[in-house]
2 protein chains.
Amino acid sequence: MSIVDIHTHVYPPSYMEILRSRTNVPYVRTFPPDPIPRLLVLPGEDGPTSTSTSRGRPIGPEYYSIEHKIAFMDAHEIDISVISLANPWLDIVEPSEAAQRACEINDEMNSMCLQYPGRLFMFGALPLKGTLEETVLEIKRLRGLSCVRGVVMGTGGLGNGLDDQKLDAVYAALQEEELTVFLHPHYGLPAEVYGPRAAEYGHVLPLALGFPLETTIGVSRMILSGVFDRHPTLSILLAHSGGTLPFLAGRLESCIAHDLHLAAGPVRRNIWDVLAKNILLDAVIYSSVGLKAAVAVAGADRVLFGTDHPFFPPMNPGGQGWLSVTMNYDAVSAAFGDSAEAKGILGGNAVKLLRLEL
Amino acid sequence: MSIVDIHTHVYPPSYMEILRSRTNVPYVRTFPPDPIPRLLVLPGEDGPTSTSTSRGRPIGPEYYSIEHKIAFMDAHEIDISVISLANPWLDIVEPSEAAQRACEINDEMNSMCLQYPGRLFMFGALPLKGTLEETVLEIKRLRGLSCVRGVVMGTGGLGNGLDDQKLDAVYAALQEEELTVFLHPHYGLPAEVYGPRAAEYGHVLPLALGFPLETTIGVSRMILSGVFDRHPTLSILLAHSGGTLPFLAGRLESCIAHDLHLAAGPVRRNIWDVLAKNILLDAVIYSSVGLKAAVAVAGADRVLFGTDHPFFPPMNPGGQGWLSVTMNYDAVSAAFGDSAEAKGILGGNAVKLLRLEL
């Protein structure tokens, strides 16, 4: 059996140049006397001090070197990785440059994959800041790149979220080209929801709660606006086991069933049906409780192991094993032992669903 | 066996008077020519038109008549209800009036319970807008009211959330008096997170997603600020099966374990330990998937059936059975059949944990 990591990020060298050239979030710079560069990527984490994780995180070549990715994979017995550009993707480029940047970065990442045949595949990035035509053209071009198996997207869409009717052309092209959308959070929730003491808790509240809720809101807006009715075979892979969708699916369905306003509108597909047919979930949930819920809603053959590398590195930088990885391995074992379901989650499902053969 | 509903709300007549006297949310009024009064309770739902559920919801005596509560219980085979003032509780009263209002409303609700001995118990409301001393005094007084088994609280605390160190006196008094805190959402998330099309989806996004996340953020701030370290036997009953806490507990624990800022601070109790010892969950989650996750983190002896009555009424007003109730009954059956665990969730746990004997 193969172990496949479908949630693993890269900032390829050309994207690192963009991050180093910027002076507001997201950006990369050093803060002397500390010689280690820091990545400030989350909204609001460019605080005035370095006494807190409120000023980003130290980064090294694990963020941009494909050799480091392979070494990480070897250390954790991962056979295949499906790499994706990390957030916030091409949301930060000028509209006039978006199409060209997407083309360059996607080609650069495809070349990285080709250095390790059979071990690396990728989700491409879309030039959503450009014109719709440019995005559709890039989708069709991506289908022809040998290592591309889908696209990575945030929840912003064209600026108005994923329930923007203008995105129908994008969804139609993705469905037509059979490219899976890896939906990933970045923007979280407005800082005020975490209260006046949030900085005391480092990154915990925005990352542990804001990210999953952003994903849940994003996909719920797709469901409510009928995206999966108009594009019945569109395939979406949700980061972090769907944010909170598996747990809240019942409440969401109940709220829809009890809403006088929606009752007067068109009939939509049931959420359980969308979950079973259109939605794939990663297994980046750090507990058997969450993993079992993910499998219960999506099916054991539609949940896919991931690591979120290079984020959540070990607290002792010399350490070999990454706790963030072993937590997710342990969740699979605790929930499914070494059953066929476990093997599917760890790799078989991804090989099949994402066509990871050469 | 008894069936117990621990999540069931009342606006007693004196509170209805407050709602009818107000002109901004929350308030109750009629909008001619429609003769049915409407309750506008959620932030932002006083929209200009009635073409959407954006203008509140129609209400009748099921919101304030204890006879209607008993009829609802009889229709759904509920033996005992633990009633609570509905949101936003006493968050809307003047600080100078808070203590007296709390006293009056709690006495009024206790009198309601006494009309149906053995069938009704209650969670009291706290005058948090008043002084800390007034709140602590009301907690001690509530312990002496014959039908009181805990208190209902929102996530606002004294205005700065539940991680406000000033609340320690309140938590200490609640622990001392062995009163369970029923933690319930009201404020949700800022409207902008739902995007420009939110009104098309009625109340779905704020209720299905905003409410649970508000609860999750609230209890997470309690955990991170050490409330359960300083008050190790404080008992909290979380609405809606913990919001999203059962599903996100692993991610929360992982984010804590990987946070450089928190690593430099004091050691806190593990989230799984808090979940198993301090946290009770209601079973208002509308699916067996969510219910199983709730039971997995809190234990089958610490999950308690509820209905959220009188919210989520049937769409056909003449209908007998409430779908929102049968969905939660069905979730218990689907997950646990008619096992001892199911009987505990449906009533036995509440009888034992909340001392529901006369």
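A residue is called buried when its relative accessible area is under 20%, exposed when over 50%, and partly exposed in between (1.4 Å probe, protein chains only). The model is predicted, so local features need pLDDT of at least 70 and side-chain atom pairs count only at pLDDT 80 or more, whereas totals for chains, interfaces and linings use all residues. Residues are numbered from 1 along each chain as its sequence is written, chains are lettered from A and ligands numbered from 1 in the order in which they are written, and side-chain values use heavy atoms, with hydrogens and water left out.

**View 1. The buried residues of helix α2 of chain A.** Helix α2 spans residues 66-75 of chain A, and its buried residues include A:I66, A:K69, A:I70, A:F72 and A:M73. These residues lie on the same side of α2(A), because they cover an arc of only 160° around the axis; the arc is that of the directions from the helix axis to the C-beta atoms. Helices (H or I, at least four residues) and strands (E, at least two) are DSSP runs, numbered from the N terminus. Among the elements of chain A that cover the buried residues of α2(A) are β1 (4-10), β5 (80-85), α3 (95-114), β6 (120-125) and α12 (323-336); contact means heavy atoms within 4.5 Å.

**View 2. The two ends of α2(A).** At the start of the helix, a side-chain oxygen of A:S65 comes to within 3.2 Å of the backbone nitrogen of A:E67. After α2(A) comes A:E77, which has a positive phi, near 60°.

**View 3. A salt bridge between A:D163 and A:R221.** A salt bridge places a side-chain nitrogen of Lys or Arg within 4 Å of a carboxyl oxygen of Asp or Glu. In the pair A:D163 and A:R221, the closest N and O atoms are 2.8 Å apart. This pair links distant parts of the chain, 58 residues apart: A:D163 belongs to the loop between β7 (148-153) and α5 (168-176) of chain A, and A:R221 to helix α6 (residues 204-224) of chain A. A:D163 is buried, with a relative accessible area of 1%, and A:R221 is buried at 8%.

View 4. The side chains of B:E17 and B:R20 form a salt bridge of 2.9 Å, N to O. The two residues are separated by about one helical turn, because they are 3 residues apart in helix α1 (residues 13-21) of chain B. B:E17 is partly exposed at 48% relative accessibility, as is B:R20 at 40%.

How values were computed. A polar contact is a pair of N or O atoms within 3.5 Å; within protein, one must be able to donate a hydrogen and the other to accept it, and residues adjacent in sequence count only if both atoms are side-chain atoms.
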